[in-house]
Amino acid sequence: MVGTGARELIVAEYRVTGLSPDVIAELVAEVGALWHEQHQDRLTARPRWRAVGAGAKHKFVFVYRLLATLVSLRHGTTHDVLAC
């Protein structure tokens with residue numbers, strides 16, 4: 001998992017994502033709430049055997065998913081590189 005220092009470096013370094021920290025913060029604010037709402041709708045959309053949230057927890061929170069997507073789109077990296 002990415003540490004706080006590494007996350008701050010990725011966000012601060014324009015060459016990694018191609019976006020300024022302000023733009024990334026706006027993306028998180030605008031898209032984060034929509035992603036969370038869609039995720040919750042997906043979880044409750046079908047009948048379940050177990051309660052929502054009873055399974056394995058996500059290893060990546062929304063911010064990490066967004067950063068991985070931005071790096072992947074900018075550099076065309078493989079999943080192995082993103083995992084590092």
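Visitor: How much space lies in the second largest pocket?
Guide: About 270 Å³ of space lies in that pocket, and please keep in mind throughout that this is a predicted model.

Visitor: Which residues lie nearest its centre?
Guide: The second largest pocket is lined by 16 residues, and those nearest its centre are His39, Leu43, Gly53, Ala56 and His58.

Visitor: And which helix gives the most to the lining?
Guide: That is helix α3, which covers residues 21–44 and supplies five residues to the lining. Sorted by class, the lining of this pocket has eight nonpolar, six polar and two charged residues.

Visitor: Switching topic, which residues make up the largest nonpolar core?
Guide: There are six residues in the largest nonpolar core, namely Val11, Ile24, Phe62, Leu66, Leu67 and Leu70. Helix α4 provides the largest share of this core, with four residues.

Visitor: What does Val11 touch?
Guide: Leaving aside residues up to four places away in sequence, Val11 touches Leu19, Pro21, Ile24 and Leu67.

Visitor: How many residues does α4 have?
Guide: Helix α4 runs over residues 62–75 and has 14 residues, reaching 20 Å from its first C-alpha to its last, which is close to the 20 Å expected at 1.5 Å a residue. Just after α4, Gly76 takes a positive phi of about 65°.

Visitor: Where is Thr78, then?
Guide: Thr78 sits in the loop between α4 and α5.

Notes. Residues numbered from 1 in each chain as written. Predicted model: local features only at pLDDT ≥ 70, side-chain atom pairs only at ≥ 80, totals over all residues. Heavy atoms only, no water. Helix = DSSP H or I, 4+ residues; strand = E, 2+ residues; numbered from the N terminus. Expected span 1.5 Å × (residues − 1). Core = buried A, V, L, I, M, F, W, Y, C linked by side-chain atoms within 4.5 Å. Buried < 20%, exposed > 50% of the residue type's maximum accessible area, 1.4 Å probe, protein only. Contact = heavy atoms within 4.5 Å. 1 Å grid on protein atoms, 1.4 Å probe; cavity = no way out; pocket = protein on both sides within 12 Å on 5 of 7 lines; lining within 4 Å. Points joined across faces, edges and corners; volume = space filled by probe spheres on them. Nonpolar A, V, L, I, M, F, W, Y, C, P; charged D, E, K, R; others polar.
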